[in-house]
Amino acid sequence: MLLLACSTPAAAQPYWLPSGRPTTHNLKTVFAVDSLHAWTGGDSGVILSTSDAGATWALLRGADSVSVRDIHMIDTLRGWAAAIRPLINPGDWNGSLLYRTTDAGVSWTEQQYPGQFFNTLFFFD
């Protein structure tokens, strides 16, 4: 009797569906503001977004030497991303960058913090 109860799926339980990998880069963070809208980021400065619960992802930025460590959006338009820039060549600067968007990630403004290392962030409105 116990075996039958454990092998029978319960009705109306939430579950995850695989959606494929939106990039070949390692992803470090994901943030969702509702059931449809989410952003993810990771190595090579990659930031992607979805507006259809992860069915499709759009590349918003990438192809540089930073690693996006955290993303926090306060709504579907406004948010921030924290990234670190490792020391690659002697004489280059290393530290953190904060990126800010007001258009859902279509464009990002950057502020540099040499010698500082931000791994996480949180904002509220």
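Which residue stands opposite A32 in β2? In this predicted model, the residue opposite A32 in β2 is A38. Local features were required to have pLDDT of at least 70, side-chain atom pairs count only at pLDDT 80 or more, and totals for chains, interfaces and linings use all residues. Residues are numbered from 1 along each chain as its sequence is written, and side-chain values use heavy atoms, with hydrogens and water left out.

The chain has one helix and eight strands. Helices (H or I, at least four residues) and strands (E, at least two) are DSSP runs, numbered from the N terminus. In sequence order, the pattern reads α-β-β-β-β-β-β-β-β. Of the 125 residues, 30% count as buried. Buried means under 20% relative accessible area, exposed means over 50%, and partly exposed lies in between (1.4 Å probe, protein chains only). The accessible surface of the chain is about 8,100 Å². Carbon and sulfur atoms hold 59% of that surface. Accessible areas come from the Shrake-Rupley method with a 1.4 Å probe; for residues, only the protein chains shown count as cover. Among contacts in the chain with a separation of 6 or more, 32% join residues 24 or more positions apart. A contact means heavy atoms within 4.5 Å.

The strands β1, β2, β3 and β4 form an open sheet of four strands, in the order β1-β2-β3-β4, with antiparallel pairing. Two strands pair if DSSP finds at least two bridges between them. Strands β1 and β4 each have a single partner strand, so one side of each is left without a neighbour in the sheet. Neighbouring strands of this sheet are turned by 25° against each other on average, direction ignored. Axes are lines fitted to C-alpha atoms, for helices over the stretch in contact, and angles run from 0 to 180 degrees between N-to-C directions. Strand β1 covers residues 27-32 and strand β2 residues 38-42. Five bridges join the two in the antiparallel sense. Five residues lie between β1 and β2, which form a hairpin. V30 has T40 in β2 as its bridge partner.

The loop between β3 (47-50) and β4 (58-61) contains A55. A55 counts as exposed because its relative accessibility is 58%. A55 and L36 are 19 residues apart in sequence. In space, C-alpha to C-alpha, A55 and L36 are 9.4 Å apart.

A further open sheet has four strands in the order β5-β6-β7-β8, also with antiparallel pairing. Its edge strands are β5 and β8 (109-114), each pairing on one side only. The twist averages 20° from one strand to the next. Strands of a sheet pair through backbone hydrogen bonds, either parallel or antiparallel. Strand β5 (residues 67-73) is joined to β6 by six bridges, and the two run antiparallel. D70 stands opposite A82 in β6. Strands β5 and β6 form a hairpin with five residues between them. Seven bridges link β6 to strand β7 (residues 95-101), again in the antiparallel sense. Here A83 stands opposite L97 in β7. Strands β7 and β8 run antiparallel and are joined by six bridges. S96 stands opposite Y113 in β8.

Strand β6 (residues 79-85) is mostly covered. Seven of its seven residues are buried. In a regular strand the side chains alternate between the two faces of the sheet. From β6, G79, A81, A83 and R85 point one way. W80, A82 and I84 point the other way. All of these residues are buried.

H72 lies in strand β5. H72 counts as buried because its relative accessible area is 7%. Not counting residues up to four places away in sequence, H72 touches F31, G79, W80, L121, F122 and F123.

A search of the whole structure finds one aromatic pair. Rings of Phe, Tyr and Trp (its six-membered ring) pair if their centres lie within 6.5 Å; planes under 30 degrees apart count as stacked, over 60 as edge-to-face and the rest as tilted. R61 lies over the face of Y99, at 4.4 Å from the ring centre. A charge sits over a ring if NZ of Lys or CZ of Arg is within 6 Å of the ring centre and within 35 degrees of the ring normal.
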